[in-house]
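Before reading the dialogue, look over the chain below.

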Amino acid sequence: AAEVDMQVVGQVGGATRCVAVKGNYAYAGIGPRLAVVDCSTPVNPRLLGQINPACSDLIEAVAVSPTSPYAYAAAGSAGLLVVNVANAAQPVQAAACALQGRAMDVVLDGAFAFVANGEAGLYIVDIHDSLHPAVVGFYTTSSSVSGVAVRDGYAYLAAGGAGLYVLDVHTPAHPMLLGSLILPGYARGVDIDDHYAYVAEEPGYDPQTGLP
């Protein structure tokens, strides 16, 4: 068949895979756009605005700075997006940081963004200057990293079939492995509370039979 030259002229909607809340606003990924929703009346949430144009990939995760007017979105193959949300009705992509792999999750700790970047592992991005984010460190695991949590200078990675990794990130430019734990399934997400790590898993499968 002959090739057809097509051009995207518009886009609407899409899967909602993430949400973060700050004050009366929820920041949600809706397909390839980061959107701002007014939740001051919980029974009547209102879409206020969304980035335009759309991102080149889906918004997988979002983290909102508690001290600045920026939200940070893990946008798959598009890397890490920095979005100015000072005007909730008109959020604007202010910067981007290209990354290897696929950005699947992001958390903020101080002046750094920690990005779970699929097969490329963990990337640590300096966001001291939000308009010029820069990679300062990374750590590669033996499996795809899809979730990350950071607490007290330590990063916890949900690393698929490799299980849970614990890294010392007191020096962000040089993350160091402290330990790991193999789990029964595939680790997809992780959160930390007190002395416990809570890991979301998918069932493991036998590659020979395709069964759990």
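## Reading the features

Valine 21 belongs to strand 1. The model is a predicted one, and the dialogue starts from this residue.

Q: Is valine 21 buried or exposed?

A: Valine 21 has a relative accessible area of 63% and is exposed, because the class begins over 50%.

Q: How far is valine 21 from glycine 110 in sequence and in space?

A: The two residues are 89 positions apart in sequence, and their C-alpha atoms are 18 Å apart in space.

Q: How many disulfides are there?

A: A disulfide is a covalent bond that joins the sulfur atoms of two cysteines. In this model the count is 0.

Q: Are cysteine 18 and cysteine 55 buried or exposed?

A: Cysteine 18 counts as buried at 11% relative accessibility. Cysteine 55 is also buried, with a relative accessible area of 11%.

Q: Which residues line the largest pocket?

A: Rolling a probe the size of a water molecule over the atoms shows where space is left empty. Here the lining of the largest pocket consists of Arg17, Cys18, Val19, Glu60, Ala61, Val62, Ala63, Met104, Asp105, Val106, Val107 and Ser146. Two or more lining residues come from each of strand 1 (16–22), strand 5 (61–64) and strand 9 (105–109). The volume of this pocket is about 230 Å³.

Q: How many residues of each class are in the lining of the largest pocket?

A: The lining has 8 nonpolar residues, 3 charged and 1 polar.

Q: How many aromatic pairs does a search of the whole structure find?

A: The search finds 2 aromatic pairs. One of them is formed by tyrosine 123 and phenylalanine 138, whose ring centres are 5.7 Å apart and whose planes meet at 25°, so the pair is stacked. The cut-off for stacking is planes under 30 degrees apart.

Q: Where do tyrosine 123 and phenylalanine 138 lie in the chain?

A: Tyrosine 123 is in strand 11 (residues 122–126) and phenylalanine 138 in strand 12 (residues 134–139); the pair links distant parts of the chain, 15 residues apart. Tyrosine 123 is buried, its relative accessible area being 11%.

Q: Where is serine 130 found, and with which residues is serine 130 in contact?

A: Serine 130 sits in the loop between strand 11 and strand 12. Despite that loop position, serine 130 counts as buried at 11% relative accessibility. Apart from neighbours within four places in sequence, serine 130 contacts Tyr70, Tyr72, Val82 and Ala95. Valine 36 is 94 residues from serine 130 along the chain, and 19 Å separates their C-alpha atoms.

Q: Where is the place of proline 172, and is proline 172 buried or exposed?

A: Proline 172 is in the loop between strand 15 (164–168) and strand 16 (176–181). With a relative accessible area of 14%, proline 172 is buried. Setting aside neighbours within four places in sequence, proline 172 is in contact with Phe112, Ile124, Val136 and Gly137.

Q: Is the peptide bond from asparagine 52 to proline 53 cis or trans?

A: Most peptide bonds are trans, and most residues other than glycine have a negative phi. The bond from asparagine 52 to proline 53 is cis, with omega near 10°. Proline 53 is in the loop between strand 4 (46–50) and strand 5.

Q: What is the phi of aspartate 152, and what is the phi of aspartate 194?

A: Aspartate 152 has a phi near 55°, a positive value in a residue other than glycine. Aspartate 194 likewise has a positive phi, near 55°.

Q: Where are aspartate 152 and aspartate 194 placed?

A: Aspartate 152 is in the loop between strand 13 (147–151) and strand 14 (154–158), and is exposed with a relative accessible area of 60%. Aspartate 194 is in the loop between strand 17 (186–193) and strand 18 (196–202), and counts as exposed at 55% relative accessibility.

Note on methods:
Residues numbered from 1 in each chain as written. Predicted model: local features only at pLDDT ≥ 70, side-chain atom pairs only at ≥ 80, totals over all residues. Heavy atoms only, no water. Disulfide = S-S within 2.5 Å. Buried < 20%, exposed > 50% of the residue type's maximum accessible area, 1.4 Å probe, protein only. 1 Å grid on protein atoms, 1.4 Å probe; cavity = no way out; pocket = protein on both sides within 12 Å on 5 of 7 lines; lining within 4 Å. Points joined across faces, edges and corners; volume = space filled by probe spheres on them. Helix = DSSP H or I, 4+ residues; strand = E, 2+ residues; numbered from the N terminus. Nonpolar A, V, L, I, M, F, W, Y, C, P; charged D, E, K, R; others polar. Phe/Tyr/Trp six-rings, centres within 6.5 Å; stacked < 30°, edge-to-face > 60°. Contact = heavy atoms within 4.5 Å.
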